[in-house]
Amino acid sequence: MTKLSVNINKIATLRNARGGNIPNVLQTALDIEKFGAQGITVHPRPDERHIRYSDVRELKPLLKTEFNIEGNPVKKFIDLVLEVKPAQVTLVPDAEDAITSNAGWDTVKHRNFLKEIILEFKNNGIRTSIFVDPEINQIEGAAQTGTDRIELYTEAYALAFAEGHKAGVKPYAECARKAHELGLGVNAGHDLSLENMKYFKEEVPFLDEVSIGHALISEALYLGMETTVKRYLELLK
């Protein structure tokens, strides 16, 4: 079964819009675990416009499932990850002013940079993953950094699926096979939803984990969080 890690950034966005502590980020994470999700993902940005660094610190001792921290490995982020020691860190090359992640790493160009950072995290017992576009050369480059996993950036698949072009999944299947061949675990995320998840799971082999935030939180507004999480879990069997 592919594991589901729920990104709770949007819960923090809603809280921050009003101030105070409603909705409660910590309680929401615990509820998501209770509903069956196998992980919680957060993506703290330097301006803390959604998940705050204090949220990350408070979540760690409470969570019973895998904790995944995503972000651009600037010094502030690296220090936080080394302090909190999550199960997994996912390296994402987003600019500070990015609304959301919109590209994977160039693992060839940034190989030495990534290799150095990944070694530090692995020396501290933290599993590493690199956010990458679905291109074979980027998977091969990732393998040379020493990372444990790659996370396939799935926006292109989601857009193609919405337009009825199911062939858009092919590069992801090919990259997943290449990653497995090279000894890398395979994660995926970005714009995966209840609508497109089933086909992606059927077509992409060796899928260890998906990280889903915006779509899942939005769907939960209509269906409720428990129903939404359980629907994803059913699709990921």
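Lys 237 is exposed, because its relative accessibility is 61%. Its side chain meets that of Glu 234 in a salt bridge, at 3.0 Å from N to O. Please keep in mind that this is a predicted model.

| Salt bridge | N to O separation |
|---|---|
| Glu 234 and Lys 237 | 3.0 Å |
| Lys 34 and Asp 31 | 3.8 Å |
| Glu 209 and Arg 127 | 3.9 Å |

Let us look at the local pair in helix H2 (residues 25–34): Lys 34 and Asp 31 are three residues apart there, so about one helical turn separates them. Lys 34 counts as exposed at 62% relative accessibility, while Asp 31 is partly exposed at 22%.

Glu 209 is buried, with a relative accessible area of 4%, and Arg 127 is buried at 18%. Both take part in a salt-bridge network that also links Lys 3, Glu 66 and Arg 149.

Now for the helices. The axes of H4 (residues 75–84) and H5 (residues 111–123) come within 10 Å and cross at roughly 20°, so H4 runs roughly parallel to H5. The crossing is right-handed.

Finally, the surface: Leu 221, Tyr 222 and Leu 223 make a nonpolar patch of about 410 Å². Tyr 222 sits in helix H10 (residues 214–223) and counts as exposed, because its relative accessibility is 75%.

Terms used
Residues are numbered from 1 along each chain as its sequence is written. This is a predicted model: local features need pLDDT of at least 70, side-chain atom pairs count only at pLDDT 80 or more; totals for chains, interfaces and linings use all residues. Side-chain values use heavy atoms; hydrogens and water are left out. Patches are made of residues with over 30% relative accessible area and no salt bridge: like charges are joined within 9 Å, nonpolar side chains (Val, Leu, Ile, Met, Phe, Trp, Tyr) within 5 Å. Accessible areas come from the Shrake-Rupley method with a 1.4 Å probe; for residues, only the protein chains shown count as cover. A salt bridge is a side-chain nitrogen of Lys or Arg within 4 Å of a carboxyl oxygen of Asp or Glu. Helices (H or I, at least four residues) and strands (E, at least two) are DSSP runs, numbered from the N terminus. Buried means under 20% relative accessible area, exposed over 50%, partly exposed in between (1.4 Å probe, protein chains only). Axes are lines fitted to C-alpha atoms, for helices over the stretch in contact, and angles run from 0 to 180 degrees between N-to-C directions. Angles under 35 degrees count as roughly parallel, over 145 as roughly antiparallel, 65 to 115 as roughly perpendicular and the rest as oblique. A crossing is left-handed if the near helix is turned anticlockwise from the far one by less than a right angle, and right-handed if clockwise.
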